[in-house]
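Thanks for making the time this morning.

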Amino acid sequence: MELKDLISYPISLAAIILAIFVIKIIARRSPEKKKRRHPIGGTVLHQLVNFHRLHHYMTDLAAKYRTYRLLSFCRSEVYTSDPVNVEYILKTNSANYGKGWYHYDILTDLLGDGIFTVDGEKWRLQRKLSSYEFSTKIVRDFSSVVFKTTAVKLVGIVSEAANSKQAIEIQDLFMKSTLDSVFKVVLGVELDSMYGLYKEGTQFSKAFDEASAIILYRYVDVFWKIKRFMNIGSEATLRRSIKVIDEFVYKIIKSKTDEFNKSQDGVPMKRGDILSRFLGLNYTDPKYLKDIILSFIIAGKDTTASTLSWFIYMLCKHQDIQERIAKEVRGSTKIKDNSSIDKLVASITHEALENMQYLNAASTETIRLYPAVPVDGKYCFSDDTLPDGFFVRKGDMVTYQPYAMGRMKFLWGSDAEDFRPERWLDENGVFQAESPFKFTAFHAGPRICLGKEFAYRQMKIFSAILLGSYIFRLSDENATVNYRTMLTLQIDGGLHIRASPRTEPCNFK
């Protein structure tokens, strides 16, 4: 939502101002005022006013305070960029910081009791099951084939645009291709949203995007529960979208379950998609499966697509780095400059991807500066004191900031805001990982992202096939690119680029 949409609710803003005024009075009278609290950086009203540049605003506060508070209605919202605090929240005392009722209330209409909405035993069971499945060789191999097949379809669209010398909006193509990929990996179904030939799939894709945006808007819409009760406005749209989503997914689950029951007298099928494997483990409750499936889809769709978009943007701004990656792809796959797309794809093996150290570094540098999830908040279950010595109260939101942390000079040096893949390589050109409490884009501790390797593999396969085939430049070299404030860090207005066939190495001065 844009700022103009927010200020169209004057009553809402008036209520916020009044609430903040009351909060300040209560805070002054509270007996807990003697306990050391983090400095106040502002209020939630400041977040609304700066909504169009929210992450810039919060980065400025992080640079000033490292850890600070924003006053909200009945609690403080604590934001930290201090790795010591992050490690404490995500690992040392992670049991005290979870999703809680606040996130569950907002997310459950779409994601149910999926892994991103629950805590405790429900989370542990899903985590254990999902962690095992994502680590199996059959899922890795199956997903790699899916990524290659989808990337070839994407290259076909890029090729048409290149041949006709037309600009393309590649972020939208990434969104559709990653949705197609994750849908195939999770459900074993061809969604084909890139070409839009599957009508029900297109309807699902549209409804899913709409629902995701409205769920995010709940975080700033103080009247969303009233609108849901009355079934009006955005909440009425959300209800219709969720109906489309649920009906589509339940239909696929039923079809897969019927197929499974007829096969080999119930013996688990040797298939790579997650749904088939869950059915093979006798997880057959449609609601349980639907909640898990939607969590996987929302985790694997926009996140990878937005990262790929920022990656291509950075390579358009740094053509020398783009050319170095293309050379590495050719060297690792041992293909010639004029090799066919089929030969290139066949040459992208697991071993070849492992050898693409600079591609790995450039991808990670993109994620450092443009993390797919720019902020991640936890609910504090009981009073606590963080390692920096400051008190946090039960009910406070405690949030770490991957976007801001990627720009902190005290973490990354004076060139923190520069795109420099070399910072991830040792003297031998081998990739060196950083602490997950400093590089927080994939979470850390017990809840570290299950799909991290999955995401890297997809990004590297897509990148190797695209960059091994085409040279990319911005359609308008003078255009200003910025993010759109959403749950994921997407490029506002998309990324418009031009592609030309890579027939021979380019020379850059």
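**A loop, a sheet and some salt bridges**

His-443 is found in the loop between helix H21 (409-412) and helix H22 (452-467), where helices (H or I, at least four residues) and strands (E, at least two) are DSSP runs, numbered from the N terminus. Before I go on, please keep in mind that this is a predicted model, in which local features need pLDDT of at least 70 and side-chain atom pairs count only at pLDDT 80 or more, while totals for chains, interfaces and linings use all residues. Residues are numbered from 1 along each chain as its sequence is written, and side-chain values use heavy atoms, with hydrogens and water left out.

Phi of His-443 is near 65°, a positive value in a residue other than glycine, and His-443 counts as buried at 11% relative accessibility; by buried I mean under 20% relative accessible area, by exposed over 50%, and by partly exposed in between, with a 1.4 Å probe and protein chains only. Asn-282 has a positive phi as well, near 70°, and lies in the loop between helix H13 (274-280) and helix H14 (286-300), but Asn-282 counts as exposed, at 61% relative accessibility.

The loop between H21 and H22 also holds Arg-447, which forms a salt bridge with Asp-119, the closest N and O atoms being 2.9 Å apart; a salt bridge here is a side-chain nitrogen of Lys or Arg within 4 Å of a carboxyl oxygen of Asp or Glu. Because Asp-119 sits in the loop between helix H6 (100-111) and helix H7 (120-135), this pair ties together parts that are 328 residues apart in sequence. Arg-447 is buried, with a relative accessible area of 17%, whereas Asp-119 is partly exposed at 26%.

Which residue meets Glu-365 in a salt bridge? The partner is Arg-423, at 2.9 Å from N to O, and the pair links helix H19 (residues 357-369), which holds Glu-365, to the loop between H21 and H22, 58 residues apart. Glu-365 is buried with a relative accessible area of 0%, and Arg-423 is buried with 17%. Both belong to a network of salt bridges that links Glu-365, Arg-368, Asp-415, Arg-420 and Arg-423, and the whole structure has 30 salt bridges.

Turning to the sheet, 6 strands form an open sheet with mixed pairing, in the order S1-S2-S3-S9-S6-S4, and two strands pair if DSSP finds at least two bridges between them. The edge strands, each pairing on one side only, are S1 (40-43) and S4 (97-98). Strand S3 (residues 76-80) is mostly covered, with 5 of its 5 residues buried. In a regular strand the side chains alternate between the two faces of the sheet. In S3 both faces are covered, with Ser-76, Val-78 and Thr-80 on one side and Glu-77 and Tyr-79 on the other. S3 pairs with S2 (residues 67-71) in the antiparallel sense over 5 bridges, and a hairpin joins S2 to S3 through 4 residues, with Arg-69 opposite Val-78. S3 and S9 (residues 397-400) run parallel and are joined by 4 bridges, with Thr-80 opposite Tyr-400.

Finally, on the surface, what sort of residue is Phe-229, buried or exposed? Phe-229, in helix H11 (residues 224-230), is exposed, with a relative accessible area of 75%.
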